[in-house]
Amino acid sequence: MEREFYTISVYVDENENLIGIPCGDSEKYGIADIDTVMLLKAPYTDKALESYIEKVINACYTKKHNDKSDVSTIERYTKKKGFVNATADYTLISIVKMQSGYSLMPTFNDFEKGPLAIDDDERLLPLNYNEGDMAEIIRGYIEVYVKANMFYKEKEELAREKAEREN
């Protein structure tokens, strides 16, 4: 491992498809997402999921962040203006590979601020984790933060529709 850490953003849609964005050096921010997007379509095996995560991590620092652009990689990918809008339909899982191991942290999507890290649900894995361990954590996050979040989004939409009908 050449660097102290590698960080990736993994966005999960309601169908469990993954959008992985690696980081790179940035003169403006120090470190930031680069213009590389890697996809993994559902369904996928645990082995394919863990391979994909390693592939995205290995893409870190392969290029520099585009400091000249004010548009983030996820905004360009989704073609939606503004980070909050671009991430509204996704759940972000932040994964950091350090010299001591991996840190996986889910986010909850705030409709005004975008993804907010849930520090209390951070999971740590050793560098030599057992096959399937990382996939189990990610699938657990998907179950709680993607599937449950969809339930609350649907509930909110139904409440909004009901209010509109009553007006």
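Modeller: D46 has a relative accessible area of 33% and is therefore partly exposed, a class lying between buried (under 20% relative accessible area) and exposed (over 50%), with a 1.4 Å probe and protein chains only. The model is a predicted one, in which local features need pLDDT of at least 70 and side-chain atom pairs count only at pLDDT 80 or more, whereas totals for chains, interfaces and linings use all residues. Residues are numbered from 1 along each chain as its sequence is written, and side-chain values use heavy atoms, with hydrogens and water left out.

The side chain of D46 meets that of R139 in a salt bridge, at 2.6 Å from N to O. This pair connects distant parts of the chain, 93 residues apart: D46 belongs to helix α1 (residues 46–58) and R139 to helix α4 (residues 133–166). The term salt bridge denotes a side-chain nitrogen of Lys or Arg within 4 Å of a carboxyl oxygen of Asp or Glu. Helices (H or I, at least four residues) and strands (E, at least two) are DSSP runs, numbered from the N terminus. R139 also counts as partly exposed, because its relative accessibility is 27%. Side chains of opposite charge can pair when their charged atoms come close.

The whole structure contains eight salt bridges. One of these joins D35 to R76, whose closest N and O atoms are 2.1 Å apart. Here too distant parts of the chain are linked, since D35 sits in the loop between β3 and β4 and R76 in helix α2, 41 residues away. D35 is partly exposed at 32% relative accessible area, and R76 is partly exposed at 33%. A further salt bridge brings the side chains of K80 and D89 together at 2.8 Å, N to O. K80 is partly exposed at 33% relative accessibility, as is D89 at 43%.

Helix α2 (residues 73–78) also includes T78, which is buried because its relative accessible area is 16%. The T78 side chain makes polar contacts, namely pairs of N or O atoms within 3.5 Å in which, within protein, one must be able to donate a hydrogen and the other to accept it; residues adjacent in sequence count only if both atoms are side-chain atoms. It reaches the backbone oxygen of I74 at 2.9 Å and that of E75 at 3.5 Å. Leaving aside residues up to four places away in sequence, T78 touches A86 and Y90, where contact means heavy atoms within 4.5 Å.

In strand β3 (residues 30–33) lies A32, which is buried with a relative accessible area of 15%. Residues up to four places away in sequence excluded, A32 touches P22, C23, G24, S26 and H65. A32 and P22 are ten residues apart in sequence, with 8.3 Å between their C-alpha atoms. Strand β4 (residues 38–40) holds L39, which counts as partly exposed at 43% relative accessibility. Together with V37 and Y77, L39 makes a nonpolar surface patch of about 230 Å². Patches consist of residues with over 30% relative accessible area and no salt bridge, like charges being joined within 9 Å and nonpolar side chains (Val, Leu, Ile, Met, Phe, Trp, Tyr) within 5 Å.

Other strands are largely covered. Seven of the eight residues of β1 are buried, and six of the eight in β5 (residues 91–98) are buried. Strand β1 (residues 5–12) runs antiparallel to β5, with eight bridges between them; two strands pair if DSSP finds at least two bridges between them. I8 stands opposite I95 of β5, and V10 has I93 as its bridge partner in β5. V10 also has a partner in β2, G20. Strand β2 (residues 18–26) is antiparallel to β1 and joined to it by five bridges. These two strands form a hairpin with five residues between them, where E16 in the turn has a positive phi of about 75°. I95, for its part, stands opposite L104 in β6. Strand β6 (residues 102–110) is joined to β5 by five bridges and runs antiparallel to it. The β5–β6 hairpin has three residues between its strands, and G101 in its turn has a positive phi of about 150°.

Terms used. Accessible areas come from the Shrake-Rupley method with a 1.4 Å probe; for residues, only the protein chains shown count as cover.
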